[in-house]
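Reader: Hi, I have a structure open and could use a quick tour. Can we go through it piece by piece?

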Amino acid sequence: MDKLIIEGGQRLAGEVAISGAKNAALPILCAALLSAEPLELANVPDLNDIGTMLKLLEQMGVKVARDGHRVTLDAGGLNNPVAPYEMVKTMRASILVLGPLTARCGEARVSLPGGCAIGARPVDQHIKGLQAMGAEVTVEHGYVHAKVAKLKGARLFTDMVTVTGTENLMMAACLADGVTVIENAAREPEVVDLAQCLTAMGARISGAGTDVIRIEGVAKLHGASHRIMPDRIETGTFLCAAAATGGEIRLTGTSTGYLDSVVDKLMDSGCDISGEKTRTSESILIRAPERLKAVSIRTAPYPAFPTDMQAQFMAINCVAEGSAVMRETIFENRFMHAVELIRLGADIKIDGNTAFVTGVHKLEGATVMATDLRASASLIIAGLVAEGETHVERIYHLDRGYEHIESKLTALGAKIKRAKA
Ligand code: UD1
């Protein structure tokens with residue numbers, strides 16, 4: 001298994017290109033299932049999760065052509081509406097095939113994604129929504145089995161804000177008879193990106209980006225082209241890496257518009273951040289002070305502070321001046337990086353869903369273990385500022401969600417290399 005070796009102490013400087021968003025690309029790949037005509041996508045990131053999703057779609061009969069960041073999907077020959085456990089177990093987002101398959105084929109068998117390190121993460125809301133639209137849904141032998149002659153539009157209310165739940169139900173509703181209204185919908189930019197792609201395919205959707213989405217079902221969707229939005233979490237991660245090292249970098253192909261709450265907190269910590277927009281491109285410039293001020297955060301659904309940025313902010317608070325209170329309200333077990341950061345010399349106390357972090361003057365390199373995707377990013381940021389060598393083990397999570405992270409960091413001046421553990 002691979003590990004990363006980081007020699008800390010380098011200030012990041014230069015320019016980095018931000019990739020397409022993993023969390024927008026995954027549901028949009030599944031949207032291809034809704035049409036018998038080809039969907040052409042640009043800016044699809046080269047990530048293991050994307051590879052897994054493409055394999056999953058291929059074994060359902062979808063034709064996939066991939067050329068760099070361009071992917072064309074043709075679900076004209078869709079013949080096997082099944083997502084087997086062997087494929088689903090490595091990626092929870094596989095549940096996103098459930099809505100489109102049920103809508104297009106009238107049937108779907110999708111393995112339950114099971115638990116994952118950061119929490120139980122059930123899919124009851126996805127199931128409840130499809131049932132309200134008339135599907136008969138049973139859970140047997142670890143599989144969700146949905147069956148329906150034709151989905152019917154309905155008024156749906158999710159008990160909590162769920163991103164993939166909203167996306168699954170929005171996709172299903174596109175081919176339902178009549179109007180569906182999703183209340184308490186997720187407002188994440190990735191939901192809006194999906195709605196834009198579906199609209200280009202002929203769907204009738206309004207309200208995406210608000211907490212009430214209205215979908216008027218149509219008989220069928222057609223082919224379309226769509227460009228995946230920039231990855232706001234990758235953007236935020238590079239902003240944190242620059243901030244932690246007192247660096248100055250430009251991030252291209254992305255914009256501050258997607259991450260106000262993160263930019264706000266980095267400005268509170270003493271960074272200078274500005275967005276630049278020309279007719280053809282967008283970028284962000286960050287200039288960090290020599291030492292950051294600690295910032296308190298509370299994670300919550302968009303537009304509040306994203307849970308996917310909590311771990312990276314914990315890393316920067318570890319070396320900032322003062323102390324911070326960090327509250328995680330989305331996932332019940334998302335502080336696993338804290339014990340690893342403590343191994344590097346951080347001062348962190350955990351009480352339930354709250355972490356109290358007091359900045360220290362320096363972290364010291366050590367061997368640490370990455371436990372999930374964003375935890376891996378936080379350990380890299382800590383490694384970049386720690387004195388001496390940090391070995392980050394179990395980095396397979398990173399390759400699921402960050403495109404070429406070590407070469408991007410190397411180009412910014414970091415000393416980081418991949419090795420066999
Ligand atoms: C998505 C993102 C993930 C991000 C998360 C929260 C993708 C592919 N993944 O995950 O990176 O961390 O949003 O912003 O977009 N819940 C239920 N029942 C359900 C659905 C959700 O109880 O049926 C709970 C979850 O356990 C969690 C909360 O609702 O506590 C929010 O989860 P959700 O928004 O669904 O996360 P994902 O869509 O899986």
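This is a predicted model: local features need pLDDT of at least 70, side-chain atom pairs count only at pLDDT 80 or more; totals for chains, interfaces and linings use all residues.

Reader: At what angle do α4 and α6 cross?

Author: They cross at roughly 15°. Angles under 35 degrees count as roughly parallel. That makes α4 roughly parallel to α6.

Reader: Is the crossing of α4 and α6 left-handed or right-handed?

Author: Right-handed.

Reader: Which residues make the contact?

Author: From α4, they are Leu-98, Gly-99, Pro-100 and Ala-103. From α6, they are Asn-168, Met-171 and Ala-172.

Reader: And how many of those are nonpolar, polar or charged?

Author: Five are nonpolar and two are polar. None is charged.

Reader: OK, now α6 and α7. How far apart are their axes?

Author: The axes of α6 and α7 are 10 Å apart. The packing angle is about 15°. That makes α6 roughly parallel to α7. The crossing of α6 and α7 is right-handed.

Reader: Which residues of α6 and α7 touch there?

Author: On α6, Val-163, Thr-166, Glu-167, Met-170, Met-171 and Cys-174. On α7, Glu-190, Val-191, Leu-194, Ala-195 and Leu-198. By type, this contact has eight nonpolar residues, one polar and two charged.

Reader: Switching topic. In what order do the strands of the open sheet come?

Author: Four strands form that sheet, ordered β4-β5-β3-β14. The pairing is mixed.

Reader: Which strands stand at the edges, and why is one side of each left without a neighbour?

Author: The edge strands are β4 (63–67) and β14 (224–227). Each has a single partner strand, so one side of each has no neighbour in the sheet.

Reader: By how much are neighbouring strands turned against each other?

Author: By 15° on average in this sheet, ignoring direction.

Reader: What about β3? In which sense does β3 pair with β14?

Author: In the parallel sense, over four bridges. Strand β3 covers residues 39–42. With β5, β3 runs antiparallel, and three bridges join the two.

Reader: What stands opposite Glu-40?

Author: In β14, Ser-225 stands opposite Glu-40. In β5, Thr-72 stands opposite Glu-40.

Reader: Which strands does helix α1 lie across?

Author: Helix α1 (residues 22–31) lies across β3, β5 (70–74) and β14. It runs at about 165° to β3.

Reader: And helix α7, which strands does that one lie across?

Author: Helix α7 (residues 189–200) lies across β3 and β14. Its angle to β14 is about 160°.

Notes:
Residues are numbered from 1 along each chain as its sequence is written. Side-chain values use heavy atoms; hydrogens and water are left out. Two strands pair if DSSP finds at least two bridges between them. Axes are lines fitted to C-alpha atoms, for helices over the stretch in contact, and angles run from 0 to 180 degrees between N-to-C directions. Contact means heavy atoms within 4.5 Å. Angles under 35 degrees count as roughly parallel, over 145 as roughly antiparallel, 65 to 115 as roughly perpendicular and the rest as oblique. A crossing is left-handed if the near helix is turned anticlockwise from the far one by less than a right angle, and right-handed if clockwise. Ala, Val, Leu, Ile, Met, Phe, Trp, Tyr, Cys and Pro count as nonpolar, Asp, Glu, Lys and Arg as charged, and the others, Gly among them, as polar.
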